[in-house]
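Let's take a walk through this fold together. Please bring up the model and keep the sequence at hand.

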Amino acid sequence: MNTFRIYFQNGIGIYTGKVLETKPHTHHATEIIYGLEGNFKVADALNIEREYQLSLIPHDIKHRFINTSNITPIFIYLDPFHYLTQQLAQSYSLDKEIVSVDNLPRSSIMKDIRSWVDGSDIDIILTITQLIHDLASHEPHTISLDDRIVESIKHIKASLHSGISLANMAEKVHLSESRYAHLFKEQVGIPFRRFVLWTRLQTTVEAIMNGKSLTSACYVGGFADLPHFSKTFMDMFGVSPSSVLKA
């Protein structure tokens with residue numbers, strides 16, 4: 001297989017590569033981990049290890065990935081408010097515990113993922129969408145975001161180079177800070193400041209994959225410097241960016 005493959009855009013991230021073990025970490029995405037050739041282990045916040053072939057990890061749950069069998073892992077990350085996350089949440093309890101999925105998707109979907117891992121130029125987002133439709137027992141149901149939150153998200157993504165504060169965003173949509181903070185978390189699934197940091201991280205990774213240097217990409221994402229980005233990446237994924245964002 002290739003050293004790694006990665007896609008990170010529009011609320012969906014997909015990574016495959018040589019990962020033997022991560023440090024304990026939390027991130028703001030709902031995560032799917034699938035072992036192409038067999039099982040892996042995930043340790044929870046209490047450091048209790050369990051074996052899986054396909055697991056669902058809710059956002060902001062501390063965990064550690066362990067590649068016990070040297071398999072090829074697929075890591076899929078979904079924004080908490082993404083419609084695919086909402087679809088999964090209708091079938092699984094994405095609250096405080098790691099979920100083991102026993103019913104694997106169709107073999108044709110797994111074959112397409114294997115082809116993407118091996119370098120084929122397939123529509124990986126379509127494949128991931130089909131995978132999640134297979135996992136979920138409910139038909140897709142999109143929950144509409146409040147217009148004020150929609151506008152807030154657009155403004156955040158367009159203003160990563162400048163200071164983004166809860167107070168300023170609340171003022172823009174004519175709400176008090178406390179009411180805006182409550183509405184944002186209720187609608188998006190994570191607090192305002194965590195969402196801003198997660199958006200900076202996604203934007204930086206996208207810039208790296210589009211050919212920017214690490215330093216230039218950090219500026220695009222609004223990080224103060226490379227060490228700040230590296231620490232955030234390590235905190236959220238349990239590995240250093242230099243260990244996975246290179247061929």
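Predicted model: local features only at pLDDT ≥ 70, side-chain atom pairs only at ≥ 80, totals over all residues.

Residues are numbered from 1 along each chain as its sequence is written, and side-chain values use heavy atoms, with hydrogens and water left out.

Let's begin with strand S8, residues 73–78. Helices (H or I, at least four residues) and strands (E, at least two) are DSSP runs, numbered from the N terminus. Six of the six residues of S8 are buried, so the strand is largely enclosed by the rest of the structure; buried means under 20% relative accessible area, exposed over 50%, and partly exposed in between (1.4 Å probe, protein chains only). In a regular strand the side chains alternate between the two faces of the sheet. Here Pro-73, Phe-75 and Tyr-77 are buried on one side, and Ile-74, Ile-76 and Leu-78 are buried on the other.

Which strands pair with S8? Strand S2 (residues 12–17) pairs with S8 in the antiparallel sense over five bridges, with Thr-16 opposite Ile-74. Strand S3 (residues 30–35) also runs antiparallel to S8, joined by six bridges, and Glu-31 stands opposite Tyr-77. Two strands count as paired if DSSP finds at least two bridges between them.

Now turn to helix H8 (residues 214–221), whose buried residues are Ala-217, Cys-218 and Gly-221. Seen down the axis of H8, these fall within an arc of 105 degrees, so they line one face of the helix; the arc is that of the directions from the helix axis to the C-beta atoms. The face turned away carries the exposed Thr-215 and Tyr-219. Helix H7 (192–209) and helix H9 (226–237) are among the elements that cover the buried residues of H8. Just after H8, Gly-222 takes a positive phi of about 85 degrees.

Asp-235 is partly exposed at 39% relative accessibility, while Lys-231 is exposed at 54%. The whole structure holds 11 salt bridges, and Glu-21, Lys-41, Glu-49 and Arg-64 are linked in a network of them.

Methods
Contact = heavy atoms within 4.5 Å. Salt bridge = Lys/Arg side-chain N within 4 Å of Asp/Glu carboxyl O.
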